[in-house]
Amino acid sequence: MSITNTWIIEQMNCYPTYENQTNVVFNVAWRVNATEDVYNATAYGTVGVTYEVGSPYTPFADLTQDQVVGWVQGSMGAERVASIEDGLATNIANQVNPPVVTPALPWNA
């Protein structure tokens, strides 16, 4: 089986108006859910995004989750995205094969 990573946008903070645009996103709360079989791991955080004056502008109501995930990952950079997903994979691997166990004490069994 392989791990599936699902990036989700939880919330976006906006400036009411900025450079003649309305509801301009400047901060995004994100979450990544990793699943493999019955095992799950989650990471979450926030990242700042900047609207560059003169660049294409998508009205808030027309934004898609895929578009905003692209902003988040672009702002983080490929190395940070890979690091987050690698950490989730390690978390799941440790659930499948725990590196540490705590068996019952032999005199209490």
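## Strands and the sheet

Strands are DSSP runs of E with at least two residues, helices are DSSP runs of H or I with at least four residues, and both are numbered from the N terminus; two strands pair if DSSP finds at least two bridges between them. The model described here is predicted, so that local features need pLDDT of at least 70 and side-chain atom pairs count only at pLDDT 80 or more, while totals for chains, interfaces and linings use all residues. Residues are numbered from 1 along each chain as its sequence is written, and side-chain values use heavy atoms, with hydrogens and water left out.

Three strands form an open, antiparallel sheet in the order β1-β2-β3. Because β1 and β3 stand at the edges, each with a single partner strand, one side of each is left without a neighbour in the sheet. From one strand to the next the twist averages 15°, where angles run from 0 to 180 degrees between N-to-C directions and axes are lines fitted to C-alpha atoms, for helices over the stretch in contact.

Strand β1, residues 4-18, pairs with β2 in the antiparallel sense over 13 bridges. Within this pairing, Asn5 stands opposite Ala34 of β2, and Tyr15 has Val24 of β2 as its bridge partner. The hairpin of β1 and β2 has two residues between the strands, and Glu19 takes a positive phi near 50° there. Glu19, a residue other than glycine, is found in the loop between β1 and β2, and it counts as partly exposed because its relative accessibility is 43%, where buried means under 20% relative accessible area, exposed over 50% and partly exposed in between, with a 1.4 Å probe and protein chains only.

The pairing of β2 with strand β3, residues 39-48, is also antiparallel and extends over 10 bridges, with Glu36 opposite Tyr39 of β3. These strands form a hairpin with two residues between them, and Asp37 in the turn has a positive phi of about 60°. A positive phi near 50° is found in Asn23 as well, whose place is in strand β2; Asn23 is partly exposed, with a relative accessible area of 38%.

## Helices against the sheet

Helix α2, residues 78-96, lies across β1, β2 and β3 and runs at about 155° to β3, contact being defined by heavy atoms within 4.5 Å.

## The largest pocket

The largest pocket has a volume of about 230 Å³. On a 1 Å grid over the protein atoms alone, a pocket is an open set of points with protein on both sides within 12 Å along at least five of seven lines, whereas a cavity is a set where a 1.4 Å probe fits but cannot get out, and lining residues have an atom within 4 Å of a point. Grid points are joined across faces, edges and corners, and a volume is the space filled by probe spheres set on the points.

The largest pocket is lined by 14 residues, of which Thr50, Tyr51, Pro56, Tyr57 and Trp71 lie nearest its centre. The elements that give two or more residues to this lining are β2 (21-36) and α1 (65-76), and the largest share, three residues, comes from β2. By class, the lining has eight nonpolar, five polar and one charged residues, where Ala, Val, Leu, Ile, Met, Phe, Trp, Tyr, Cys and Pro count as nonpolar, Asp, Glu, Lys and Arg as charged, and the others, Gly among them, as polar.
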